[in-house]
Amino acid sequence: MKARKIRDGVQWMGAVDWNRRLFDSLIPLPDGTSYNTYLIQGSDKTALIDTVDPAMADILKHQLANVQKIDYVVSQHAEQDHSGTIPLVLEMYSQAIVLCTPKAKDLLIDHLEIPTERIRTVSDGETISLGNKTLRFIHTPWVHWPETMVTHLPEDRILFTCDFLGSHIAMSGLYAGDDPYVIEAAKRYYAEIMMPFRKMIQGNLKKLREIDFDLIAPSHGPIYDHPGSIVSAYEDWASDRVSNLVVIPYISMHGSTETMVNYLVSALAERGVTVQKFELSTTDIGKLAMALVDAATIVIGTPTVHVGPHPSVFSVTHLANALRPKLKYAAIIGSYGWGTKAVEQISSLIPNLKVEILGTVLCKGRPREETLSELDALADSIRDKHTAI
Ligand code: FEO
């Protein structure tokens, strides 16, 4: 992809990574991603905002071929998908210096061995003049590491946000427009990357409300030309509000736990409670994370392997604990063969989830009438709690 004009003196550069399917060797990318870079040419100085993943450095190098000088490389986030090509840019432009937060300076030295003399830190609210254009830096920690910041270009009413408000989606178009799928992709991104930092995001959104902008230009995914939709979506996702939704991650070995899950799904539906269930041997973990953005309750369904939960349940419970969703209630259900400590072990895995445990329903072997009655009672309890949300 060639460089593309956004405004006079402002160009999109970067790489669209259509084929990437995994990020951090962990996060599924069903729609690929992009690494957006922005070139801002003022009357006196030129700045480049973020770079690209080192695997696509040649694309950026080609786009910069006719750019005579770069004075500043703005590093909004030190993770390598944005910072990894900074050393190449510094090599290409011997006068260029990196602008970043004080925390980013240490990280850029640690991760990329950028010489300290080529880094200048900027304080929260500091401005740098490019002549007829100004860069204003706003510190927004924890979107997604502790050192992150966003950059405002007031003359063109553009806010550059790096990971914050971004989406893992590869597109030929430059702008999101009103495409609802972009918001869906941004929700997946929020769920997988941003959700653990929900409280900090609330504070960062407050800072954004004081800035005038018409465009939000993230470093992943398309540019938001109707930025109100992504900002209000983030305000909803990061809020303390939960939905009348139960998420059930589960797995079954011989069918008994699945029978229990299906019975509970039906019982909850009869009571007006929305349910999303995720069979863990086949599910898209990103879809599960997205459901956790809004859910009030999680019900974990597990058989017992030896005395503990199934390893897939171990893994997903650990992930849910790390993502810190705003869940309010939890329950554990499942079947075991001859003995179990699944409840004790699962409970020890979720210290970050500030949930009220509404019950555990375990049965030895196949579920019988008394087990189904216990599941009805659990469904009653969930309905009563959700009615009060
Ligand atoms: Fe897109 Fe946290 O890096």
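**From a strand pair to a helix trio**

Serine 129 stands opposite threonine 134 in β11. In this predicted model, that strand, β11 (residues 134–139), pairs with β10 in the antiparallel sense over three bridges. The two strands belong to an open sheet of five, ordered β10-β11-β12-β13-β14, in which the pairing is mixed. Because β10 (127–129) and β14 (215–218) each have a single partner strand, they stand at the edges, and one side of each is left without a neighbour in the sheet. On average, and with direction ignored, neighbouring strands of this sheet are turned by 20° against each other.

The helices can be followed through α7 (residues 228–238), which packs with α6 (residues 198–209) at an angle of about 150°, the two axes lying 9 Å apart. The crossing in which α6 passes α7 is left-handed, and the contact is made by Arg198, Ile201, Gln202, Leu205 and Arg209 on the side of α6, and by Tyr234, Glu235, Trp237 and Ala238 on the side of α7. Sorted by class, this contact of α6 with α7 has five nonpolar, one polar and three charged residues.

α5 passes α7 in a right-handed crossing, with Ile183, Ala186, Lys187, Tyr189, Tyr190 and Met194 of α5 making the contact with Ser229, Ile230, Ala233, Tyr234, Trp237 and Ala238 of α7. By class, the contact of α5 with α7 has 10 nonpolar, one polar and one charged residues.

Key
Residues numbered from 1 in each chain as written. Predicted model: local features only at pLDDT ≥ 70, side-chain atom pairs only at ≥ 80, totals over all residues. Heavy atoms only, no water. Axes fitted to C-alpha atoms, helices over the stretch in contact; angles between N-to-C directions. Helix = DSSP H or I, 4+ residues; strand = E, 2+ residues; numbered from the N terminus. Left-handed = near helix turned anticlockwise from the far one by under 90°. Contact = heavy atoms within 4.5 Å. Nonpolar A, V, L, I, M, F, W, Y, C, P; charged D, E, K, R; others polar. Pairing = 2+ DSSP bridges.
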